[in-house]
Amino acid sequence: MKLNKLTLLLALLLTSTVFVSTTLEDDYYVFPINPGKRNYLSGNFCELRSSHMHAGLDIKVGGVVGAPVHAAAEGYVSRIKISWGGYGNALYLQHPNGTTTVYAHLDQFNDKIAEYVREAQYQQKTFDIELFPDKEDLQVKRGEIIGKAGNSGSSGGPHLHFEIRGANQVPMDPLQFNFSEIVDNLAPYVRKVALVTLDKDARINGQFGRFEFPVRSNGNQYEVSENIRVHGKVGIELAAYDRADGVRNIYGVTSTEMSFDGEPYFSYLTDKLAFGYAKNIHVFTNYEERYRQDRTFYKLYVDDGNTLPLYKSLKNKGKLNIQDNEQHRVDVKLIDHYGNSSSLRLSLKGSAPQPEANFKVRYFSKPYNQQNYHVRGNTLQLFAPADKDPEGVYERKLAKFFANRMGYEEAPAYVVNDMAIYLWDLRRGMPDSVDLCGSTQKFPLKMKVPAYNAFSFYQPEMDIYFSKSTLFDTLYLTTDYQVDADREIFTIHEDHTPLKSSIKVKLKPKMLPPGPKKKTSVYRLTTSGDLSYEGGEWSGNTISFSTRSFGDYVLAADTLSPVVTPINVNNRQLKFKIEDQMSGIKNYQMYVNGKWVLMRYDYKWDVIWTESDDDRAELSGEYKLLVEDNAGNEKVFEGKI
């Protein structure tokens, strides 16, 4: 077995930068698009997506469908899956070396595979289908054209999604396999740095919270010019990305290492990742910042509940704990798959907090959504205007927190920018209210929900059920119920908090929207005010549903049938636009002269159509199209070809 050049390079860097997990055969695979020619990527392995880490490479095809897709190695088609969303038209090839390659978002299969699929679709009378051919059914040769690249499923534009999976179907970085078609001489880029306090007693420049700092660069060397004052346990977050020659696309960073005063503290390598860890992206990055501001910050520390196996060296889980008044240095190295690297340097000055300090700052940690409080970890942070006495000195007024059926007086932790900041450790109890100099404020905090335990929460408006796998970490649950414009709004915690798996919810409405109950479902209220269908099943006067998102939920009745608009109706093609503005399309069926006809579906464009090479489809006579939405409304559209 011959070692490829990339493996040798990574082996040389092993002690200081990149960790190599396997030795790879050279030239086992051919590149699936234009093999032997220069290619470009729109996405790399483990690139951070909204809800998962990317499991393969997204290969550009010039922005149009139809590029020939080649089998990366000899083998056979072991799985075929066609779906409206997700991977769309996808092929899975099993190879003699035990690996599987995946080709997703295809526009077409080759003739042999297409005929095999179409036969099954007509037998089962369905477009979306999953098949597991026998080893002898669909053999392929290395480099054979197995289909054409496309834009099917949830693709955002024409490309090929390509994966190489090892044992137990664990995706590996395909760039480990020495594809010379991709050229990358550019090092990762650093956009910004953030520091965050990790317990109630920690401070950054005298404050509790999260603070972002700009960086300046000299080539591939970055630094934060400010000498940041730090005390206690803090974590570092990094907004960074990678690039490659010849394209403007932004990729994920393959590997990052951090040292503290010269001692290795943290590193990770994204060379492989099982699908079961996909949701951990929510704790690999700062989910709250990603959700609120659409900005991605890698965490250079490991949160409780983060089970990712990507981390290679850890001390204190990457969390810094500065208790002295000395000068400290943090060095971060970012490396891409090709060994291109960048460096970042931070200077941290140990600085004990001053409880009596009143100061002005440029970076001020404010709560979101115009609230005057914020929950970070186990700490409730409360902001209150600070009054001055006649001599101009801030009055450090006590706040009384009501928890555990008792009142606890707390002085402000500090005063900054004319605001008194109070910090309450939620492990002491869940305060339902606070008295600030005679003015009482209530909190929507309801219950402490432990992670890794099944837990049920009951109240008059809703019941919430957590499984053992629902949460990443302890949750301080908030709920609310309001009636706004004759509509009940059920608030289940804050939508910037991630879930590892679904919660089950039972809503107990006091009123129903106009329309029959069987047409009434649960909808998530988006930040833009739109309704997103969630579903639900009625039992008496309650409705139950499952969701993977916290947020606001309402009930709404969908009594309108889907809308059908013909585009082409002739003896060459049937093509229709099918739309539903509320609950969404659930099913559709086309019949010509009473016989079922296969119609492809692209939900992104709300279009169904017959394929030109489908000789089973009758395109002459009486036709009937039935379209059903998720609320059970049906539209029957009939005509003659």
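Two strands are taken as paired if DSSP finds at least two bridges between them; strands (E, at least two residues) are DSSP runs, as are helices (H or I, at least four), and they are numbered from the N terminus. The model is predicted, so that local features need pLDDT of at least 70 and side-chain atom pairs count only at pLDDT 80 or more, while totals for chains, interfaces and linings use all residues. Residues are numbered from 1 along each chain as its sequence is written, and side-chain values use heavy atoms, with hydrogens and water left out.

An open sheet is formed by four strands in the order E28-E27-E31-E32, with antiparallel pairing. Strand E28 (406-410) and strand E32 (439-442) are the edge strands, each pairing on one side only. On average, neighbouring strands of this sheet are turned by 25° against each other, direction ignored; the axes are lines fitted to C-alpha atoms, and angles run from 0 to 180 degrees between N-to-C directions.

Within the sheet, strand E27 (residues 399-403) is joined to strand E31 (residues 433-436) by four bridges, and Ala 399 stands opposite Leu 436 in E31. E31 also pairs with E32 in the antiparallel sense, over four bridges. Here Leu 436 stands opposite Ser 439 in E32. E31 and E32 form a hairpin with two residues between them, and Cys 437 in the turn has a positive phi of about 55°.

Elsewhere, His 337 is found in the loop between strand E22 (327-335) and strand E23 (341-350). His 337 counts as buried because its relative accessibility is 9%, the cut-off for buried being under 20% relative accessible area (1.4 Å probe, protein chains only). A polar atom of the His 337 side chain lies 2.6 Å from the backbone oxygen of Leu 175.

Methods:
Buried means under 20% relative accessible area, exposed over 50%, partly exposed in between (1.4 Å probe, protein chains only). A polar contact is a pair of N or O atoms within 3.5 Å; within protein, one must be able to donate a hydrogen and the other to accept it, and residues adjacent in sequence count only if both atoms are side-chain atoms.
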